[in-house]
Amino acid sequence: MRDLRVSVTDRCNFRCVYCLPETDQAANFYRSKFDPLKNPTPIKLALPPSQPKSQILTFEEIERVVRIAAELGVEKVRLTGGEPLLRQNIELLVGKLASVPGLKDLAMTSNGFLFNRKAQALRDAGLTRMSFSLDSLDEANFKKMTGREGLNEVIRSIRLAKQLGMNPVKINAVVIRGLNDHELVALVRFAMAEGVQMRFIEFMPLDSSRGWLRELVVSGREILEQLSNHFTLEPVVSTQPSETARRWKVNGTESEVGIIAPVTEAFCGHCNRLRLTADGKIRTCLFSLGEHDLRGLIRGGADDATIQRRLREIVWGKEDRHHIGESEFEQPERTMSCIGG
Ligand code: SAM
Ligand code: SF4
């Protein structure tokens, strides 16, 4: 396990349809189009309750877990959420983590809306890599997908991250049939023009209203076919088997596009990720049905050796693979914004 995703909050200022849909209309956005007969009953809107502050790990607690994980071999940490920039003084946590011995890579995934306010402080604290979620370049479609108006703020944030010398800056887009699958080429062109890397992600069954349908997943293969009609794509050979994205160079340039296809081309066998939720649970897979509590240990006065031992035990129990698409698949109780994507 080399890669630890740390969720710093389960709260978010966006309401993406594939993550935290806010209205019945958003939660049922696909019903009439794709599944009028199989599921005649509209799904119920379910916004997960946010955890009280006392249950959320403090920066000192997060730093301790990261330090212990780094001693065990974790090299990469990505801060995520919910929306990580909603966590007050997040730059202080970045500063603490930037000096953890053994950590080679510190990154953040954000929806970008609040990045402008914090960008310089985050850079100064030692953050060098940013991924922004951007599913659409059309204002109306952006609002439909995120539940908010904020396209211009996100674009400004992407530009600012580049200006501050963050490298690489990536854009993540979740691709949903009938919603933004007509924007793939425009998104790649935008990323090329801005000098950032584009990543397309298959829609996974982790939305809070449990509205995921197979029919809505645009497969990695379809994404590639669509892009291949417009660009010359040359595969990038990765030296890291654990990499989740398959990547291509675009039109002989240094611009890269990546496709993350956990649903149709599972990469579980090479997975080297662990997740720490905002309330201090370790998850060994996005789709884990169980979690392992560290907060109780930490707050109960456990020493570092005990926490190390616990982490080792947890890792030995990591599941072999997920079961999306199989009859026994069960969607985890906690959904993406609570787990940390
Ligand atoms: N709020 C931040 C953001 O949106 O970048 C960080 C947290 S978000 C949960 C992390 C990533 O998960 C984002 O790139 C988002 O697009 C992705 N995501 C959320 N729900 C998803 C789903 N159901 N399927 C695939 N990706 C999803
Ligand atoms: Fe918030 Fe990120 Fe989920 Fe969108 S994907 S609702 S921005 S946590």
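Among contacts in the chain between residues at least 6 apart in sequence, what percentage join residues at least 24 apart? Here are some friendly notes to read beside the model.

1. The answer is 74%. Contact here means heavy atoms within 4.5 Å.

2. A word on the source: this is a predicted model, where local features need pLDDT of at least 70 and side-chain atom pairs count only at pLDDT 80 or more, while totals for chains, interfaces and linings use all residues. Residues are numbered from 1 along each chain as its sequence is written, chains are lettered from A and ligands numbered from 1 in the order in which they are written, and side-chain values use heavy atoms, with hydrogens and water left out.

3. Look for 12 helices and 12 strands in the chain. These are DSSP runs, numbered from the N terminus (helices: H or I, at least four residues; strands: E, at least two).

4. Along the principal axes, the C-alpha atoms fill a box of roughly 55 × 45 × 35 Å.

5. Of the 341 residues, 55% are buried, meaning under 20% relative accessible area (1.4 Å probe, protein chains only).

6. Now zoom in on Ser255, found in the loop between strand E8 (245-250) and strand E9 (256-260). Ser255 counts as buried because its relative accessibility is 17%. Leaving aside residues up to four places away in sequence, Ser255 touches Met192, Trp248, Lys249 and Val250.

Notes:
Buried means under 20% relative accessible area, exposed over 50%, partly exposed in between (1.4 Å probe, protein chains only).
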